[in-house]
Amino acid sequence: TSLPNALGNMNTLEVLSLSGNRISRISSSIFKLTNLTNLVLSNNSINSFPYKLCEALNKLVILNIASNQLSRFPESISHMQELQILNLSYNMISILPDTIGIMSQLKYLNVEKNHLSVFPEFHHCPSLKKLNISKNNIKYIPQSIGICRKLKILNAARNNLSSIPNSITSCKK
């Protein structure tokens with residue numbers, strides 16, 4: 001099941017929640033919803049996230065696509081420059097795009113219960129306050145986590161970590 005084409009005609013829509021349905025694909029009609037600030041598509045059967053959607057919905061502040069069947073997420077996520085909350089938990093993602101590490105407005109990133117073994121480097125995440133990487137197979141947290149100076153909550157439970165980087169002490173209020 002996909003979204004109806006007529007949905008694209010609702011160009012003033014700011015919040016769209018379609019959680020807990022049987023949606024299996026994101027149709028191109030959603031690309032026209034350029035005023036969306038909050039998109040919730042959790043608990044569906046979505047297996048791909050179109051890279052063009054990141055370019056079209058560049059006003060998004062909240063994106064929740066948890067509990068789907070995603071195995072990848074596009075590098076074009078960096079086009080969502082206003083994004084503050086990104087929930088990709090409970091999917092099948094094995095590699096996160098490197099561009100996540102440059103999202104300057106991102107405050108909360110949840111990638112709990114995916115298939116991650118590596119976490120990308122942080123390059124510019126001055127706003128990141130909460131990071132949930134629990135229930136993956138991550139072997140190490142990059143030293144660059146130290147640039148996340150506002151980080152208050154790090155949940156790295158149930159991974160394959162053997163150490164925590166010293167740079168984490170740079171994360172403070």
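1. Histidine 79. This residue sits in the loop between strand E3 (62–64) and strand E4 (85–87). Helices (H or I, at least four residues) and strands (E, at least two) are DSSP runs, numbered from the N terminus. Histidine 79 is partly exposed, at a relative accessible area of 39%. The classes are buried under 20% relative accessible area, exposed over 50%, and partly exposed in between (1.4 Å probe, protein chains only). Not counting residues up to four places away in sequence, histidine 79 touches Cys54, Glu55 and Asn58. Contact here means heavy atoms within 4.5 Å. Histidine 79 and leucine 60 are 19 residues apart in sequence, and their C-alpha atoms are 10.0 Å apart in space.

2. Basis of the model. This is a predicted model in which local features need pLDDT of at least 70 and side-chain atom pairs count only at pLDDT 80 or more, while totals for chains, interfaces and linings use all residues. Residues are numbered from 1 along each chain as its sequence is written, and side-chain values use heavy atoms, with hydrogens and water left out.

3. Layout and overall form. The protein has 1 helix and 7 strands. Read from the N terminus, the order is β-β-α-β-β-β-β-β. The radius of gyration is 16 Å, close to the 16 Å of the globule rule for 173 residues, so the protein is as compact as a globular protein of that length. That radius is taken over C-alpha atoms, and the rule is 2.2 Å times the number of residues to the power 0.38. Along the principal axes, the C-alpha atoms fill a box of roughly 50 × 25 × 20 Å.

4. Of the 173 residues, 46% count as buried. Among contacts with a separation of 6 or more, 24% are between residues 24 or more positions apart. The accessible surface comes to about 8700 Å², and carbon and sulfur atoms own 48% of it. Areas come from the Shrake-Rupley method with a 1.4 Å probe; for residues, only the protein chains shown count as cover.

5. Charge. There are 18 positive and 7 negative side chains, and the centres of the two sets lie 8 Å apart. Lys and Arg count as positive, Asp and Glu as negative; His and the chain ends are not counted. Each charge is placed at NZ of Lys, CZ of Arg, CG of Asp or CD of Glu.

6. Leucine 36. Is this residue buried or exposed? At 0% relative accessibility, leucine 36 counts as buried. Leucine 36 lies in the loop between strand E1 (15–17) and E2. Beyond four places in sequence, leucine 36 touches Leu13, Glu14, Val15, Leu16, Leu57, Lys59 and Leu60.

7. Isoleucine 85. This residue belongs to strand E4. At 31% relative accessibility, isoleucine 85 counts as partly exposed. Leaving aside neighbours within four places in sequence, isoleucine 85 is in contact with Val61, Ile62, Leu63, Leu106 and Tyr108. The C-alpha atoms of isoleucine 85 and tyrosine 108 are separated by 4.8 Å, although the residues are 23 apart along the chain.

8. Glutamate 121. The site is the loop between E5 and strand E6 (130–132). Glutamate 121 counts as partly exposed, at 37% relative accessibility. Not counting residues up to four places away in sequence, glutamate 121 touches Asp98, Gly101, Pro142 and Ser144. The C-alpha atoms of glutamate 121 and serine 144 are separated by 6.0 Å, with the residues 23 apart along the chain.

9. Aromatic pairs. The count comes to 2. Phenylalanine 119 and phenylalanine 122 form a tilted pair, 5.4 Å centre to centre and 35° between the planes. Rings of Phe, Tyr and Trp (its six-membered ring) pair if their centres lie within 6.5 Å; planes under 30 degrees apart count as stacked, over 60 as edge-to-face and the rest as tilted. Phenylalanine 119 and phenylalanine 122 are both buried.

10. Positive phi. Most residues other than glycine have a negative phi. Asparagine 43 has a positive phi of about 55° although it is not a glycine. Asparagine 43 lies in the loop between strand E2 (38–40) and helix H1 (51–56), and is partly exposed at 42% relative accessible area. Tyrosine 90, also not a glycine, has a positive phi of about 55°. Tyrosine 90 lies in the loop between E4 and strand E5 (108–110), and is partly exposed at 36%.
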